[in-house]
Amino acid sequence: MKEEIQIILDKIYLSLKNRDYYQPSLLDGEAGYCLFDQSYISYTGIHAVNHIDNIEHFENNLQTLSEDSIGCQSAFFSSGKAGVNWFFSYLKAKDVLDEENWEILCDDDPELFDQAILYLKDGNYDFLHGSIGIAYHSLYEQTNQYAKFQETFFQLLYKLAYQSPDKMFIAHFDLTNLIPVPNKINLGMAHGLISVLKFCLQCYQKNICSEAAKKLALDIADLFKSTINRNTNNSLFPNILMLDEPTRGYSRVGWCYGDLSIGFVLYQAGVVFEDTALKDLGTEILIHTSKRRSEEQTMVRDAGICHGSAGIAHVYNKMWHYTKNPVFKEACDFWIQQTLDFSIHPDGYAGFKSYSPDASGKYTNSYGLLNGISGIGLVLLSYLTGDFSWDYCIMLND
């Protein structure tokens, strides 16, 4: 399999090298493409053919991204400056950017954080397109320079979660109408409650409002415990929890929604809080989910991270590294092979196309990190190297 992966990685790199320039964003734009470029060049090393040319190409793209990101109109982590600034911070951590250039490129962080506060006051806690993603970017830095913002933000998040005196509740935020929906709880990673739990874990580890962060995290975990449906061979959790309806929905196997990311973050919560019961619950959920393999059971129709096979493979790869449980190694290998097998489109980038999960059901070309070949390539690199340093940007970091 390693040789097949190497061939695919080379094709992905060449496709990205020949790309036209796209918008300055992380999860579907130039920053995500540059993230793969940097990782691939680091992996292939100085003995690679055209190494000098590859370095120059990366530096030119980084320069263009740096210039074009100035004055970016969106603050969001997915499509705006928060995600780009996280990438600059990542490059600083990798000693690709020096401190002086990083400070220049990220000098608008305070304005982004002000925007995050405004979003949160409106109830928009969304990871991809709201306040949580922007605040999560701030937690990546090892210094405490953003501690005042982080404490203020978490206090507002805590207030949002405990508006009702008798229970924890965070209403689903409707990104179309830009309003909270009082009778819905979104359970997903991309837009929902499991991303809030992950945010709490990061705050706790960074000693930001640690007692409150632990309380909110455990209350969210308790909600998942009370929601789980063990009387099924399919999904244990719905996408959306309807408070006034007894019916349960069905969720895919993927990063964005469903049991996979829920089980993974619950396991991480168990590790952070040294809670064996939570670790066992996360493991149970992921073992159950690993048995779902067919398209009908998983709704997997492409290789992307968001709702495709690469995202699934990456989660199981991390669980294998955490636990050495052979169930996770076998599941990881299965989904890596599925990822390679999706490289079948003659007109696709490196043979891959992204499936639109909406009513259109179309397959389109994507360079993106979340849905396209940049993310697929990063997952394949992690599979070969065990280096997961990039996956902070999809909330899967340790």
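Start with charge: the protein chain carries 30 positive and 49 negative side chains, and the centres of these two sets sit 7 Å apart. Keep in mind that this is a predicted model.

Now for the overall build. The protein chain has 16 helices and 6 strands. Its radius of gyration is 20 Å, which agrees with the value near 21 Å that a compact globule of 398 residues would have. As for contacts between residues at least 6 apart in sequence, 67% of them join residues at least 24 apart. Here are some whole-chain values:

| Property of the protein chain | Value |
|---|---|
| Accessible surface | about 16500 Å² |
| Part of that surface belonging to carbon and sulfur atoms | 49% |

Let's zoom in on one helix, α11. Helix α11 runs over residues 259-272, so 14 residues in total, and goes 20 Å from its first C-alpha to its last, close to the 20 Å expected at 1.5 Å a residue. How many of the 14 residues of α11 are buried? The count is 12, so the helix is mostly covered, with buried meaning under 20% relative accessible area. Among them are Asp 259, Ser 261 and Gln 268, along with Leu 260, Ile 262, Phe 264 and Tyr 267.

What does the covering? The cover over the buried residues of α11 includes α9 (193-205), α10 (210-227), α12 (276-290) and α14 (309-323). After α11 comes Glu 274, which has a positive phi, near 50°.

Terms used
Residues are numbered from 1 along each chain as its sequence is written. This is a predicted model: local features need pLDDT of at least 70, side-chain atom pairs count only at pLDDT 80 or more; totals for chains, interfaces and linings use all residues. Side-chain values use heavy atoms; hydrogens and water are left out. Helices (H or I, at least four residues) and strands (E, at least two) are DSSP runs, numbered from the N terminus. The radius of gyration is taken over C-alpha atoms; the globule rule is 2.2 Å times the number of residues to the power 0.38. Contact means heavy atoms within 4.5 Å. Accessible areas come from the Shrake-Rupley method with a 1.4 Å probe; for residues, only the protein chains shown count as cover. Lys and Arg count as positive and Asp and Glu as negative; His and the chain ends are not counted. The place of a charge is taken as NZ of Lys, CZ of Arg, CG of Asp or CD of Glu. Buried means under 20% relative accessible area, exposed over 50%, partly exposed in between (1.4 Å probe, protein chains only).
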